[in-house]
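Me: I would like to go through this structure with you, asking at each step what a label rests on. Please set each value against its cut-off before you conclude.

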Amino acid sequence: MMQTANTTADALLDAPRPSVWHTLSRILLLALPFAVGAAATSTLNLGKVALLARVPDTGALATLSLLQPSFILALAIMEGLAITAQVFSARSRHNWPRRGTQRAVYRLCRNGVLLFAVVAALGYAAAQMLTVQNAELRVILDHFPLFMLSLVPFVVFDIFYGAMRGQGKVLLGLLPFMGLVALDLSTTYVLVSSYGWGFEAVLVGNLVGPVLMLPVIAWLLHREVRSGDDSPEEPFRIRMRQLQIGVGIPVFSSIVVGFVSASVVFPILAKIGEDSASAFFVVLRYRIAFMIPAIAIGSAIAILVNQLAEEGQTAQRLRYLVIGVPFMLSLYAAVTALLPQWGGALDLLVPAQAEALRQATDEMFAALLVTFFLVSGSAMLQVILEQLGRGVQVLVITFLIEAGTCAGVVWAMMQGAEMGLILDILVAAAALSFGLFAVQFLLLLRKLGRADAV
């Protein structure tokens with residue numbers, strides 16, 4: 001049955017029908033597995049928010065919101081390693097010795113464990129040595145080391161999952177990942193609901209799911225690559241170094257810029273009030289879930305364009321960009337406009353019983369609604385630009401926008417501004433980011449158009 005489905009999918013992707021619908025169907029077909037995996041990640045994050053919102057007396061949600069910058073730092077390291085594994089695995093499937101994938105995964109896992117251990121140790125040293133009067137910063141320093149260490153099994157799992165994606169086994173790799181999500185959330189739920197745990201439930205949940213599912217995904221990857229040849233040491237080392245410099249470090253750098261920005265914004269929001277920081281955290285996670293399909297669609301478009309680049313089909317490459325991107329942006333604009341009509345998501349995340357948090361969340365959602373489209377559109381354009389040779393421009397734009405956002409929020413706080421002005425600054429930053437990425441996208445189209453003319 002699975003083989004038949006794969007054959008049907010391949011036939012659809014290879015069918016020479018240059019209609020608008022066929023162009024869109026190719027994009028959506030390729031985006032689906034990525035979207036499912038990203039949706040599972042979103043379920044994991046939003047599920048924890050929903051669980052902690054039901055135990056407001058523990059302060060766990062406020063603690064998790066303050067540690068959001070720490071999570072972004074962990075995500076930067078995680079994605080840098082996982083995407084390096086994905087690219088190495090993809091190239092090993094046909095061009096490089098296939099069994100080298102397993103050695104690359106082990107080496108990346110070792111690097112990941114060492115990096116997280118060093119970062120956690122530095123955080124612990126800072127917590128012990130620094131005298132901090134700021135209550136929010138003190139909470140971050142106290143919880144940072146254990147939070148980072150609790151994510152180590154997930155980092156190792158994500159590297160194996162990245163290698164599975166590179167082998168083209170996205171759906172197969174989703175099986176243990178779904179198991180991870182179920183175990184993580186069920187563990188957190190039991191500890192929160194039955195034992196009244198707070199933030200400690202998050203740490204235990206972070207450990208249980210990946211530890212139990214890691215043997216499963218490790219066996220699946222071994223099964224995929226065991227029949228291939230191993231790679232000689234010297235070519236292996238050269239390829240690893242090239243990918244870490246050309247893929248891993250740029251991915252890490254782009255995400256870590258967001259870590260620095262979040263490190264400034266979240267403590268400032270916490271000064272306005274605990275409910276403000278928690279409400280912003282809830283809306284932010286909701287927005288992340290909303291933008292996941294946009295990232296998947298952007299990845300699909302970039303992959304299709306890059307596949308055609310090897311065949312010299314510039315006109316068809318332009319077709320994916322000219323048809324796919326405007327259609328998806330229009331769809332996102334329409335869905336964003338309809339979001340206020342569906343309050344189900346916020347009802348799941350924040351129960352009506354938590355009146356103060358729910359009111360703050362509703363107000364912040366209304367103020368930031370337009371950013372659901374702007375940030376999702378920017379994310380889709382960013383993914384396309386990064387994979388089509390404009391990664392440096394993306395990094396520069398991201399740095400400038402985040403630096404400007406930090407400066408604006410700090411200035412507003414120094415002026416004694418209330419939440420309204422800070423949210424206006426965030427909306428303006430999202431609009432400017434979308435505009436700059438749109439300009440880069442138009443420049444990319446012009447470049448491809450000139451190549452087609454030649």
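Me: In which helix is Gln 440 found?

Reply: Gln 440 is found in helix H17, which covers residues 419-453. Helices here are DSSP runs of H or I with at least four residues, strands are runs of E with at least two, and both are numbered from the N terminus. This is a predicted model, in which local features need pLDDT of at least 70 and side-chain atom pairs count only at pLDDT 80 or more, while totals for chains, interfaces and linings use all residues. Residues are numbered from 1 along each chain as its sequence is written, and side-chain values use heavy atoms, with hydrogens and water left out.

Me: Why is Gln 440 called buried?

Reply: Buried means under 20% relative accessible area, exposed means over 50%, and partly exposed lies in between, with a 1.4 Å probe and protein chains only. Gln 440 has a relative accessible area of 14%, and therefore counts as buried.

Me: Which residues does Gln 440 touch, not counting residues up to four places away in sequence?

Reply: Gln 440 touches Leu 385, Arg 390, Gln 393 and Ile 397, where contact means heavy atoms within 4.5 Å.

Me: What makes Asp 184 and Lys 48 a salt bridge?

Reply: A salt bridge needs a side-chain nitrogen of Lys or Arg within 4 Å of a carboxyl oxygen of Asp or Glu. The closest N and O atoms of Asp 184 and Lys 48 are 3.2 Å apart, and the pair therefore qualifies. The pair links distant parts of the chain, with Asp 184 in helix H8 (residues 170-193) and Lys 48 in helix H2 (residues 20-53), 136 residues apart.

Me: Are Asp 184 and Lys 48 buried or exposed?

Reply: Asp 184 has a relative accessible area of 3%, so it is buried, and Lys 48, with a relative accessible area of 7%, is buried as well.

Me: How many salt bridges does a search of the whole structure find?

Reply: The search finds three. One of them joins the side chains of Asp 142 and Arg 138 at 3.2 Å, N to O; because these residues are four apart in helix H6 (residues 135-150), about one helical turn separates them. Asp 142 has 46% relative accessibility and therefore counts as partly exposed. Another salt bridge joins Glu 224 and Arg 223 at 3.8 Å, N to O. Here Glu 224 is buried, because its relative accessible area is 12%, whereas Arg 223, at 35%, counts as partly exposed.

Me: Why is the pair of Tyr 161 and Phe 177 called stacked?

Reply: The structure holds eleven aromatic pairs. Rings of Phe, Tyr and Trp (its six-membered ring) pair if their centres lie within 6.5 Å, and planes under 30 degrees apart count as stacked, over 60 as edge-to-face and the rest as tilted. The ring centres of Tyr 161 and Phe 177 are 5.3 Å apart and their planes meet at 10°, so the pair is stacked. Tyr 161 lies in helix H7 (residues 152-166) and Phe 177 in helix H8, so the pair ties together parts that are 16 residues apart in sequence. Both Tyr 161 and Phe 177 are buried.

Me: What makes Tyr 286 and Phe 365 a stacked pair?

Reply: Tyr 286 and Phe 365 are 5.8 Å apart, centre to centre, with 25° between the planes, and the pair is stacked. Tyr 286 lies in helix H11 (residues 274-309) and Phe 365 in helix H14 (residues 355-367), so parts that are 79 residues apart in sequence are tied together. Tyr 286, at 7% relative accessibility, counts as buried, and Phe 365 is buried with a relative accessible area of 9%. Ring pairs also link Tyr 286 and Phe 365 with Phe 290, Tyr 332 and Phe 372 into a cluster.

Me: How many helices and strands are there in the protein chain?

Reply: There are 17 helices and zero strands. Of the 454 residues in the protein chain, buried residues make up 53%.
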